[in-house]
Each structure stands twice: as C-alpha cells, then as structure tokens.
Amino acid sequence: MKKSITVIGLGGVGGYFGFKLAQTYSVSPDVSITFVARNETYTIVKDKGLTLLSAEHPNSSAYPNNLINNLHDLPVSDLVLLCVKEYDLEAVCVSIEDKIKDDTIILPLMNGADIYERIRKIISNGIVFPSCVYVASHIKEKACIEHKGKPGKIILGKDPFYQKFSSDTIVSLLKNAGIDVEFKEDSLPDIWTKFFFIASFGLVTARYNKSIGQVNEEDNLKMEVLTIMNEIKQIAILKKIKLSETIIQDTFEKAATFPYHTPTSLQLDVQSKKAQNELELFAGTIIKYGKELGVEVPATTKIYEEIKQLKIIL
C-alpha cells in the first residue's frame with residue numbers, strides 16, 4: 001500500500017529534509033510526498049520546485065507529488081513531519097487534528113523540551129515520536145534553502161504512550177532518502193541535552209547582545225549561563241530525564257566549538273524586535289516546569305523579564 005508523507009513547513013529544517021524526501025520519492029510508486037507551504041513560497045515551489053543549495057545534492061531542485069497552501073486540505077497521511085515555528089505549534093495541531101489516524105506517525109522536528117506534551121494536549125491519537133534535529137540550514141530566500149556543514153541528523157525515540165509501536169518502517173523510509181536518522185528507545189535525554197545549550201546560551205546572548213564566544217569567555221556571563229543550567233538540571237532530575245553526569249561541562253565545551261562571533265537565533269530576534277521569538281520556548285518552559293515541580297528558577301525568571309523589557313526599549 002502506498003505510503004503518504006506530508007511535510008508541514010518549508011523553512012531551514014522542513015526544507016532540508018523535505019527536499020531529500022521529495023527528490024527520492026516523488027517518482028516512486030510506493031510513496032507520495034505532500035508539501036504544505038504558504039504565500040510566495042507556495043507559488044515558487046509550484047512553478048520552480050523547492051531549491052536546496054547543498055554539497056550533498058548536485059541537482060538542487062525537487063518537486064513534491066502534491067502541494068497545498070491550506071492545512072484544511074491536508075491529506076490523511078502515514079507520516080507527518082512537523083517543521084513549524086514553536087509559536088505556531090498549537091494552531092497547526094488544531095488544524096490537522098481531524099486528519100490524524102490512529103496509526104499516523106507525527107515527527108516533530110522542532111526545538112524545545114515540551115513539544116511532545118504540547119502536541120498531546122491537542123492530538124490524542126496517532127503516534128508521536130519525540131525527536132530532536134541537528135542541521136545547519138536556513139532560508140536563503142523564499143523556497144530556497146542553504147545548507148552548510150555536516151549532513152542533518154534526526155534522533156527519534158518511542159512514543160511514551162505507545163511503547164510497542166515499531167519505528168522500523170519510518171526509520172527505513174527516512175534512511176532510504178539519505179537522511180541520517182538514529183532511533184533510541186528513549187530520545188528525551190537527547191532532547192534535553194540540546195535544550196540545555198540552546199536555552200541557557202540563547203537567553204544570555206539575547207539579554208546582553210553578546211556572541212556565544214563572548215558569553216563563554218566572560219566570567220560574569222558564563223556564571224549566568226551556569227545558573228540557568230543548574231535550574232534546568234533540577235527540573236530534569238525531577239522529570240527523571242537520564243542526562244549525562246557531565247552535562248554542564250559538556251555544554252560549555254560544545255559552546256566553545258562554535259566560531260567566536262556566532263550569535264543565537266533568539267539574540268538576533270530580540271535585537272530586531274521580532275514580535276514572535278523563542279523566549280517562551282526557552283524561559284517560558286523553564287518557568288512553567290518550575291511552577292509545576294516546585295523548583296525555584298530565579299535566574300531564568302529575572303532574565304525572562306529583562307529580555308521582555310529589552311524588546312520594548314531597543
């Protein structure tokens with residue numbers, strides 16, 4: 001029976017992985033690929049296809065089997081890749097809720113420690129594989145994604161509520177499209193390991209408008225990062241997330257591998273006074289979990305309020 005894969009969101013992440021799926025399967029009799037795109041991106045993909053500028057693909061164009069610009073037209077799918085901005089997550093889930101079968105697999109390729117929980121508050125059926133993604137890709141222009149560095153990678157794990165559901169089919173489909181995918185029984189440690197870095201460094205770089213290298217070098221800023229990490233660690237322990245004993249040291253070492261002047265996405269968004277950004281995804285999540293678990297998070301709360309004020313006065 002023909003498999004149906006739908007990619008919602010053609011930004012840096014969805015565009016990269018969606019391209020690989022479309023270029024592999026758009027001529028396959030066994031798999032159908034649907035892209036969901038809006039406005040100008042929809043028009044360009046319809047006329048010229050999706051472009052991926054990457055050393056991995058000499059042929060830089062790919063076309064899906066189906067292209068839609070309205071989530072209400074979403075086909076019933078075997079696999080849905082959710083590649084939307086976190087602030088759009090709830091609205092997207094509400095729009096697609098009635099399109100999810102009991103055996104539809106939802107793969108959220110998004111940043112954040114609470115993505116699975118937020119999806120499950122709206123979509124009660126289907127299979128949701130908690131996942132995290134690493135890929136150095138961004139929108140160069142509408143419907144054109146630029147990728148540099150290592151091949152993108154997806155780490156996914158079992159749905160906590162459907163432990164017996166096998167991931168073999170989906171992993172094979174992704175791997176056959178040339179996607180580096182790793183299955184783990186429990187992917188939450190990987191999701192939280194990434195959150196340690198993006199939340200702590202994202203908040204401090206955004207608050208002081210300093211690069212990752214500067215924050216990692218200046219003792220007072222490094223101490224703020226450390227304090228936020230310790231608040232996240234307390235939460236993770238209470239949530240029984242199996243993190244490395246050296247998670248904090250590892251995170252600082254990871255930061256040191258970035259080019260000195262690298263900014264974070266939250267830093268760029270705050271400086272440009274972008275209305276929607278990752279502040280709630282990072283600080284909001286820490287504060288929410290702190291309240292739920294009785295963990296005090298004064299450092300995160302302080303920097304959260306300061307960044308909100310920055311957005312007003314910059």
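Leaving aside its neighbours within four places in sequence, Lys20 is in contact with Glu56, His57, Ala177, Gly178 and Ile179 in this predicted model. Lys20 belongs to helix H1, which covers residues 12-25. With a relative accessibility of 3%, Lys20 counts as buried, because that label applies to residues under 20% relative accessible area.

Once the neighbours within four places in sequence are set aside, Phe35 touches Val7, Leu10, Gly18, Phe19, Ala22, Val45, Leu50, Pro64, Asn66, Leu67 and Ile68. One of these contacts, Leu50, lies 15 residues away from Phe35 in sequence, and the two C-alpha atoms are 9.8 Å apart in space. The relative accessible area of Phe35 is 0%, so Phe35 is buried.

Ser95 sits in helix H3 (residues 89-96), and its contacts beyond four places in sequence are Leu71 and His72. Is Ser95 buried or exposed? At 18% relative accessibility Ser95 counts as buried, because the cut-off for that label is under 20%.

Most residues other than glycine have a negative phi. Asn209, although it is not a glycine, has a positive phi of about 50°, and Lys240, which is not a glycine either, has a positive phi of about 60°. Asn209 is placed in the loop between H6 and helix H7 (212-217), while Lys240 is found in the loop between H8 and helix H9 (247-255). Asn209 counts as partly exposed, with 37% relative accessibility, whereas Lys240 is exposed, with a relative accessible area of 70%.

The table below collects the accessibility of the residues discussed so far.

| Residue | Relative accessibility | Class |
|---|---|---|
| Lys20 | 3% | buried |
| Phe35 | 0% | buried |
| Ser95 | 18% | buried |
| Asn209 | 37% | partly exposed |
| Lys240 | 70% | exposed |

**Helices H6 and H8**

Two packed helices are described by the angle between their axes and the distance between the axes. For helix H6 (residues 188-208) and helix H8 (residues 219-238), the axes come within 9 Å and cross at roughly 145°, and the crossing is right-handed. Which residues of H6 and H8 meet? On the H6 side they are Trp192, Phe195, Phe196, Ala199, Ser200, Phe201, Leu203, Val204 and Tyr208, and on the H8 side they are Leu221, Glu224, Val225, Ile228, Met229, Ile232, Lys233, Ile235 and Ala236. Sorted by class, the contact of H6 with H8 has 15 nonpolar residues, one polar residue and two charged residues.

**The cavity**

Rolling a probe the size of a water molecule over the atoms shows where empty space is left. The structure holds one cavity of 30 Å³ or more, and the volume of the largest cavity is about 40 Å³. Its lining is made by Met110, Asn111, Gly112, Ser131, Cys132, Ile191, Lys194, Phe195 and Ile198. Strand E9 (131-134) and H6 are the elements that give two or more residues to this lining, and H6 gives the most, with four residues. The lining of the largest cavity divides into five nonpolar residues, three polar residues and one charged residue. Phe195 is named both in the lining of the largest cavity and among the H6 residues that meet H8.

How values were computed
Residues numbered from 1 in each chain as written. Predicted model: local features only at pLDDT ≥ 70, side-chain atom pairs only at ≥ 80, totals over all residues. Heavy atoms only, no water. Axes fitted to C-alpha atoms, helices over the stretch in contact; angles between N-to-C directions. Left-handed = near helix turned anticlockwise from the far one by under 90°. Contact = heavy atoms within 4.5 Å. Nonpolar A, V, L, I, M, F, W, Y, C, P; charged D, E, K, R; others polar. 1 Å grid on protein atoms, 1.4 Å probe; cavity = no way out; pocket = protein on both sides within 12 Å on 5 of 7 lines; lining within 4 Å. Points joined across faces, edges and corners; volume = space filled by probe spheres on them. Buried < 20%, exposed > 50% of the residue type's maximum accessible area, 1.4 Å probe, protein only.
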